[in-house]
Amino acid sequence: MILAGIPAYNEEKTIAKVILLTKKYVDKIIVVDDGSTDMTGEIARALGAEVIRHPVNRGKGEALKTIFKKVKEEKPDVLVLLDADDQHNPHDIPKLVEPILRGEADIVIGSRFLAGSKVPLGRRIGLVALSKLIGKSLDGKITDPLSGFRALSRRTYESIELNEEGYGVEVEMLLLAREKGLRVVEVPTKIRYDQDVKTSKRGALFQATEIIGSIIRRTVWKHPLVYLGVPGVVLLCLGLFLTVLLVFVPSFLIKSALFSSTITFTIPVFILTGIVLITNALLITLINDVKMLIAQEARKEASILSKKDIDNEQ
């Protein structure tokens, strides 16, 4: 079974076209109406889609979490994700699905850059810059990591747990895929920018900030001792050094009262900040270790259960 998941927020002008075209290539459509104040949900339901409504707008990441939760119950062979604003062309769905059905990929991304889509100049500059930045985190193998048009295998949506609430969710998905050794490929797909409706509900700068913030959070969380512990130790040592300087260096070495008062103010800031950073680094490291142990135990139990099932069949 192929299932399409469509997050939607105030897309009454385009949702009907997207659903009608998508129905040609999938077995079921789930629309998450993310707190729309227009007829988006009603139109989607009238056209045969299953609609799950958020009472308030919670962001694209939360909408995708709702889709993931639902598909884990439905268990389709392939989950196709596309936007409701008519930017993505549903006629490209077979191209995204094919590598997964052939067993060649776990995630297939529809890349606007491989297809040579006509992207407005200002948006192109921002997209290229962000894509190159994100590409470095993904070993430079993905040309369009921000594309929301993608297909996921069952292995992918069952093994990935999303945390991001906003636009950083697409990048988070790829970073998690890399950590889990999932195979990611791209296929060329056209993306439209010529619609009369506004295709983004928030500004490009806001989206970029969310995405960069997502990368920073994941990087810090993965290496807390490097990005929190080391700066914490440096600040703590600097604070202690200034304390020694203030207490033991003769007052004539301190050139002015202003300098002395500045040091007096700076010392507790450095020391407290250093302690907070070090504490957070140790706590995150502990949490990561516990999560790793839990995952290892879960894999062991799954392996034992699998062996028992094989023995029972024999």
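This is a predicted model: local features need pLDDT of at least 70, side-chain atom pairs count only at pLDDT 80 or more; totals for chains, interfaces and linings use all residues.
Seven strands build it, and it is open, with the order E3-E2-E1-E4-E6-E5-E7 and mixed pairing. At its edges stand strand E3 (50-54) and strand E7 (184-188); each has a single partner strand, so one side of each is left without a neighbour in the sheet. On average, neighbouring strands are turned by 20 degrees against each other, direction ignored.

Strand E1 (residues 2-8) and strand E2 (residues 28-34) run parallel and are joined by six bridges. Looking along this pair, Pro7 has Val32 in E2 as its bridge partner.

Next come the helices. Helix H7 (residues 169-179) packs on the sheet, where it touches E4, E5, E6 and E7, and its direction makes about 35 degrees with that of E6. Helix H4 (residues 93-101) lies across E1, strand E4 (78-81), strand E5 (107-111), strand E6 (150-153) and E7, and runs at about 25 degrees to E6.

Helix H7 also holds a residue worth a visit, Glu170. With a relative accessible area of 6%, Glu170 counts as buried, because buried means under 20%. Its side chain makes a polar contact with the side chain of Lys60, at 2.5 Å. When neighbours within four places in sequence are left aside, the residues in contact with Glu170 are Lys60, Pro145, Leu146, Ser147, Gly148 and Arg150.

Key: Residues are numbered from 1 along each chain as its sequence is written. Side-chain values use heavy atoms; hydrogens and water are left out. Two strands pair if DSSP finds at least two bridges between them. Helices (H or I, at least four residues) and strands (E, at least two) are DSSP runs, numbered from the N terminus. Axes are lines fitted to C-alpha atoms, for helices over the stretch in contact, and angles run from 0 to 180 degrees between N-to-C directions. Contact means heavy atoms within 4.5 Å. Buried means under 20% relative accessible area, exposed over 50%, partly exposed in between (1.4 Å probe, protein chains only). A polar contact is a pair of N or O atoms within 3.5 Å; within protein, one must be able to donate a hydrogen and the other to accept it, and residues adjacent in sequence count only if both atoms are side-chain atoms.
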